[in-house]
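Please look at the model below.

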Amino acid sequence: MDPVRRQAGGVICHVENAVALLNKTYFRKGVKRRYEELNAMAKKPEGLCGMIDDILTAATVICIKERLTLLMKELDICFRKVKRSIRMERKPVSAETLSGTYEEMFSNWHGKMVLAAESGDCHLAFMSLESLNEMLCDIAEEVDIEAYNALSAYVPEDLQKTAENAETVLQDYLREYRRAGLKEKRYADIEAFIAAYLDPARK
């Protein structure tokens, strides 16, 4: 029971701090007046302090886990609601906002997709696409590009087709890259890349 209570205490501590950060504030009055400060915060799960008390008064391990699960679900709902309310102003597509992104995608994942197809490595193929997808999503959060779903390229029973689909995703992004006024940088070999990278004129 004691180890579970200790873990529950850690969760409660992190939840309270997360709510404070969500409200762009911090605790000023100490633990004794923690509920007073939490209740004064506008953005929080409904009945937050009551849910915390329910965990602290739980008599069994199962009960603690159930009440912690409820607390985390309500916290997740709260954070998602706040996120939806925030209007993200994305930057326009331009050479400045996209520079270097295609080269990074190609160098990180093109070769891995070819290798995965040649070796029949599903894990390498899928995780490479997952990483590519994350990068595309990260860019889309800040820059007004088209929506991409790199994971749709994955065909587990045909990794050669998967590699071809991944190449199509890269080519689609390259067209957007060029529309932004960027021309992709290509190098004959690693030595050419190193020479260009170390060129003082590049600084």
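**Rings, helices and one exposed tyrosine**

A search of the whole structure finds five aromatic pairs. This is a predicted model, where local features need pLDDT of at least 70, side-chain atom pairs count only at pLDDT 80 or more, and totals for chains, interfaces and linings use all residues. Residues are numbered from 1 along each chain as its sequence is written, and side-chain values use heavy atoms, with hydrogens and water left out.

Q: Why is the pair of Tyr102 and Tyr177 called tilted?
A: Rings of Phe, Tyr and Trp (its six-membered ring) pair if their centres lie within 6.5 Å; planes under 30 degrees apart count as stacked, over 60 as edge-to-face and the rest as tilted. Here the centres are 5.8 Å apart and the planes stand at 45 degrees, so the pair is tilted. Tyr102 belongs to helix H6 (residues 101-119) and Tyr177 to helix H8 (residues 159-179), 75 residues apart. Both Tyr102 and Tyr177 are buried (under 20% relative accessible area; exposed is over 50%, partly exposed in between, with a 1.4 Å probe and protein chains only).

Q: What makes the pair of Tyr148 and Tyr173 edge-to-face?
A: The planes of Tyr148 and Tyr173 are at 65 degrees and the centres 5.9 Å apart, so the pair is edge-to-face. Tyr148 is in the loop between helix H7 (122-142) and H8, while Tyr173 is in helix H8. Both are buried.

Q: Which residues do ring pairs link into a cluster?
A: The cluster consists of Tyr102, Phe106, Tyr148, Tyr173 and Tyr177.

Q: Why is H1 called roughly antiparallel to H3?
A: The axes of H1 (residues 2-22) and H3 (residues 48-56) cross at roughly 170 degrees and come within 11 Å. Angles under 35 degrees count as roughly parallel, over 145 as roughly antiparallel, 65 to 115 as roughly perpendicular and the rest as oblique. The crossing angle therefore makes H1 roughly antiparallel to H3. Residues making the contact (heavy atoms within 4.5 Å) include Ala8 and Ile12 of H1 and Ile52 and Leu56 of H3.

Q: How do you know whether Tyr26 is buried or exposed?
A: Its relative accessibility is 54%, so Tyr26 counts as exposed. Tyr26 lies in the loop between H1 and helix H2 (34-40).

Q: What lies over the face of Tyr26?
A: Arg28 does, at 4.4 Å from the ring centre. A charge sits over a ring if NZ of Lys or CZ of Arg is within 6 Å of the ring centre and within 35 degrees of the ring normal. Arg34 likewise has its charged end over the ring of Phe27, 3.9 Å from the centre.

Methods
Axes fitted to C-alpha atoms, helices over the stretch in contact; angles between N-to-C directions. Helix = DSSP H or I, 4+ residues; strand = E, 2+ residues; numbered from the N terminus.
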